[in-house]
Amino acid sequence: MTGGGFATQGGGRRYEGRFTPFVVITCLVAALGGLLFGYDLGISGGVTSMEMFLKKFFPSVYHKQHDETIHESQYCKFDSEMLTLFTSSLYLAALVASFFASIVTRVFGRKVSMVSGGFAFLVGAILNGAASNIAMLIIGRLLLGVGVGFANQSVPVYLSEMAPAKVRGALNIGFQMAITIGILVANLVNYGTAKIDGGWGWRVSLALAAVPAVMMTVGSVFLPDTPNSILERGQPDRARDMLKKIRGTINVEEEFQDLHDASEAAKKVDHPWRNILQPRYRPQLVCCILIPFFQQLTGINVIMFYAPVLFKTIGFGDDASLMSAVITGIVNVVATIVSIYSVDRFGRRILFLEGGIQMIICQIAVGGLIGKKFGVDGTGVLSKFDADFILFLICAYVAAFAWSWGPLGWLIPSEICPLEIRSAGQAINVSVNMLFTFIIAQVFLAMLCHMKFGLFFFFAGFVIIMTTFIAFFIPETRNVPIEEMNRVWKAHWFWGKYIPDDAVIGRLYEMQAEPKDPYNFNLQQTLRL
């Protein structure tokens, strides 16, 4: 769908162009990379709650559940280091792979990185579906992690670079939308395969990960590379032609000049990893570390990849636990659509702040209700009303995450880094995300066993901290061209002192004080030609 000419708002330059069908199609295909991550997040918890899977690969957990002589706390039913290693090994592999993906993305382009990620994920899915022992299962998981690491490194950057500033948020959130669809599909697959006679449904669940892998691999082969990436590899004429194609106009000289200036600055940087440590990149470095760190400390992946296990732990039956995970998956998709609609209309900050407050309320309520029903000894039962109310609170929590920290945790780091440190910044973002996803996945069941209902208060405390961080330290980036983002940091009350004047592309802007609110600002009011 082509629209009228777009112009950046909120203080950015006005670039000519249209929102072209070519951009829509390329971004939709690229966003398929999110299916890899989402399907795995959703499939892991369902498979680890299937009895035949546990009996074959984790017999100690299976026997502990069925030995009536063992009177163990509800909180500790699934506590097993090997079981959590099955889930978390993927994220450790993704962490390591993200550093290699950074080099591939910068030297060979975003497209090559996406194809590589899809192929590695495909091989991992085949190994998992055919697994006959724990070693084969873990090796398959590691290859899945390589695929996730490459996809999460390249796809958000690709989307941010292809999209016009006016709709960059919505198109970038296509990645998160694909993640949520992957989670929902995985939950539906688990619900269906759990009913297969003979107990081999877990193989179908794991093997079907090959479907999103094929979709991404084949789709990426036909994708063009971004103008930024083409320029970065020294092909200005080809980059200009690509920019004309994605903007739907021949009048792209002003935008191309900004991209060219950024590319020339990037070429002077021989060591982006060393460069990102300079004071002038302090805001980007801090955000690329803290935003993914905080995203995982919301506790969302506890809900997503352990949802069936968690629901089963707190008293839902087998079918009920899987169906509850499907319900939260549906909520996740719908709430992400809300974010796509809102992010470029109302901005990033309002979604961050509202979502944070809603998550805090829901986590405290869930922790209080579970504590009241099970206490510290983990004995008790849930009435139907209690179970339904906990499910409602978890759905409200998932919705809040899905329109705030879920998509924005990927969007903000991918859009704030200048070209010379973009690959390094995104690698840091992905590696921190995967590191803490690994840690949370590895320790969650043990934390649930020992912290009990207090685990929800633990995560609520972190959400309070991260919401405060957003309120004071993250400026609004809505509608600002990606190559002009330094103007936002220069205007910020805290970060401005780190940004030298020569880091602001084009004409320098004068600062206008905004005494009524020093922490949030409208860039159009703060910056004036």
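The model is predicted, so local features need pLDDT of at least 70 and side-chain atom pairs count only at pLDDT 80 or more, while totals for chains, interfaces and linings use all residues. Residues are numbered from 1 along each chain as its sequence is written, and side-chain values use heavy atoms, with hydrogens and water left out.

The secondary structure of the protein chain comprises 24 helices and 2 strands; these are DSSP runs numbered from the N terminus, with helices being H or I of at least four residues and strands E of at least two. Of the 529 residues of the chain, 61% count as buried (buried means under 20% relative accessible area, exposed over 50%, and partly exposed in between, with a 1.4 Å probe and protein chains only). Among contacts in the chain with a separation of 6 or more, 79% join residues 24 or more positions apart, where contact means heavy atoms within 4.5 Å.

Helix 21 is largely enclosed by the rest of the structure, because 25 of its 33 residues are buried. At Phe444, helix 21 bends by about 45°; the bend at a residue is the angle between axes fitted to the seven residues ending there and the seven starting there.

Helix 20 (residues 405-416) packs against helix 21 (residues 419-451) at an angle of about 155°, and their axes are 9 Å apart. The arrangement of helix 20 and helix 21 is therefore roughly antiparallel. Axes are lines fitted to C-alpha atoms, for helices over the stretch in contact, and angles run from 0 to 180 degrees between N-to-C directions; those under 35 degrees count as roughly parallel, over 145 as roughly antiparallel, 65 to 115 as roughly perpendicular and the rest as oblique. On the helix 20 side, Gly409, Trp410, Pro413 and Ser414 take part, and they meet Gln426, Asn429, Val430, Asn433 and Met434 of helix 21. By class, this contact has 4 nonpolar, 5 polar and no charged residues (Ala, Val, Leu, Ile, Met, Phe, Trp, Tyr, Cys and Pro count as nonpolar, Asp, Glu, Lys and Arg as charged, and the others, Gly among them, as polar).

Asn228 belongs to helix 11 (residues 227-232) and is buried, with a relative accessible area of 2%. Not counting residues up to four places away in sequence, Asn228 touches Glu161, Leu259, Leu419, Arg422 and Glu483.
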